[in-house]
Amino acid sequence: MAKEIGKDRFGDFYKDGGKVRKRREWRGVEDTLYDYSRWLVIMGTLGKFMMKPRNVKAFFRYRWMANYLAVPMMVDRHTQGLRGEYLRICHTEQDLIIDDVAKLLDNLFRGDRRTGNDTEFSKKVVLVDENEMTAVMMGFPTLKCLSRETPSTYVSVLLNQHAAEHYIDVAQEFGLAGDVCPMPEAEAGVSIDDDAPVLGACAIQCNTTCDGSLLGNGVISRRLELEDGIPVFQLAAPLRHREDDVQEYAAQEIRNAIAFIEKHTGEKWDWKEYFECAKRVNYATRCRQEWLEMNRTPYPQVFGSNLALYTETNYMAICGRIAAFEKADRKISKLARQAYEKKKRAAKEYRHRAIIWGVQSHYYMDFLVWLLNCWGIVPLTDMLSMVSTRELAETDTPENRETAIYDMAWLTENMIMRNRTHGGYKVLLDELWEFTQQFNADMVILWEHMSCKALTGMHGMFEDRARELGIHLVWVSHDLFDPRIISRQGVRDQINNYMRTVMREEPIDPSLEVLHDEESW
Ligand code: SF4
């Protein structure tokens, strides 16, 4: 039991073959009390959620709801080893995300025809995909923009590694190909299994990233339109998003999507609200830039899962629409500056500076914490956090209203994942090597998501360039939502093998090298 960073052997906390750990971490009186108080807040959020009869009904109606029992365990995994400012940054982010997801679930079940069945509320709901930039909702303050896929599949896998397996199997039994990306496949499986809440005036689907997501959307929109009677708009954003000649087309798609929402909800686009949201998006961008700037120095502050999970939520799902995230951005920046001035570090030893590239495995998001604690590899930034830094027009003028349409188009084209997996060599390959130089990184951890054709096709090109530049390139294969293909230990072993055989290093914390966590959440 140690107050000092790095004194504990974190592997000893795991129960072999168990779901949860043996005990909570002792972080010294102040940090342990803080952590415990945040644990109480999380339990309070969950308790408040379960007070409503419709949510209890939903808990037994929807299979994936059981995963939410693991919320406290997920937070424990991401706070592993953290002290002081790092612990507070993590809780500021995670607690807000938990609160936001609880509100999302509450709203879904309020409008859901099977549980709350509030028909007036349902008329004000616009459904969006899980992996969709919500920019077209920035000017509709009276509407609720809700994603069913976020809580049923995306968050579920973060909570419980086995959450998506059932739905992947359902989709394949239905006849969908087994080599499709498990993310859209699981989302389609939820729809085929009739396990998604049914509500909404209309839905906006986006050609998010790839053939897999188009396939998933096809299955889901069929049920929405033909069985549930919910009209769906297909927002087809161009994939060659860096080219000037596609921008007019992209802008027209935004105009069409807004007109579609107005038609089906009876609401009017509100420019005042849009520009308020744009200001918040710009503020979030400036904060992220500041954090990344610090990560270029020997004293990175907001990195690893503290950067990745929060950016994914704030950039895409929130997109300036919720003021609480601006407050969180401010607090995180303050804590980061404080730690930076004191030249603080989050672990006892930093050995390597790494850029994490490719699409990460969702059943093992705390891998970034493990990298740091086990091998001293500092995950400075990751592909999904390297998103648009363009500032949006934020003053309401006639010219800016036209610019705003292009800004929303740009954001939609530059959603997380698609801004790198599509758009050509420059965004996926060339910029990676620019980042390694800017961040002074000696290592690239390259997630090789085996069902993502966008990335696997460039395997050799990554290797050639890494060799030329003298960067250690470590491939880590996984299957995104499906730990049956490559387990968490299978992921760890790829790093362990590289570090022992190529780097000839010993782990900082040997107790983490092999963990029997196959059964854990
Ligand atoms: S990980 Fe790859 S295959 Fe899966 S949704 Fe993203 S781009 Fe598509």
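In this protein, residues 24 or more positions apart account for 79% of the contacts with a separation of 6 or more, two residues being in contact if their C-beta atoms, placed from the backbone, lie within 7 Å. The model is a predicted one, in which local features need pLDDT of at least 70 and side-chain atom pairs count only at pLDDT 80 or more, while totals for chains, interfaces and linings use all residues. Residues are numbered from 1 along each chain as its sequence is written.

**Overall form**

- The protein has 20 helices and eight strands; helices (H or I, at least four residues) and strands (E, at least two) are DSSP runs numbered from the N terminus.
- With 521 residues, a compact globule would have a radius of gyration near 24 Å, and the 22 Å of the protein agrees with this; the radius is taken over C-alpha atoms, and the globule rule is 2.2 Å times the number of residues to the power 0.38.
- Along its principal axes, the C-alpha trace spans about 60 × 50 × 45 Å.
- Buried residues make up 52% of the 521 residues, where a residue is buried if 20 or more other C-beta atoms lie within 10 Å of its own, exposed if 12 or fewer, and partly exposed in between.

**The largest nonpolar core**

- The largest nonpolar core has 156 residues, and those with the most contacts inside it are Val 126, Ala 354 and Val 444; such a core is a set of buried Ala, Val, Leu, Ile, Met, Phe, Trp, Tyr and Cys residues joined through C-beta atoms within 7 Å.
- Helix α4 (residues 84-111) gives the most to this core, contributing twelve residues.
- Leaving aside neighbours within four places in sequence, Val 444 is in contact with Ala 354, Ile 355, Trp 357, Leu 432, Thr 436, Ala 466, Ile 471 and Leu 473.

- Gly 376, whose phi is positive, near 70°, follows α14.

**Helices with one buried face**

- In α3, the buried residues are Val 71, Met 74, Arg 77 and His 78.
- Seen down the axis of α3, these residues fall within an arc of 120°, so they line one face of the helix; the arc is that of the directions from the helix axis to the C-beta atoms.
- The elements that cover the buried residues of α3 include α1 (29-50), α4, α6 (149-159), α12 and α14.
- In α9, Gly 212, Ser 213, Gly 216, Asn 217, Val 219, Ile 220 and Leu 224 are buried.
- They cover an arc of only 160° around the axis, which puts them on the same side of α9.
- The buried residues of α9 pack against α8 (182-192), β3 (202-206) and β4 (232-235).
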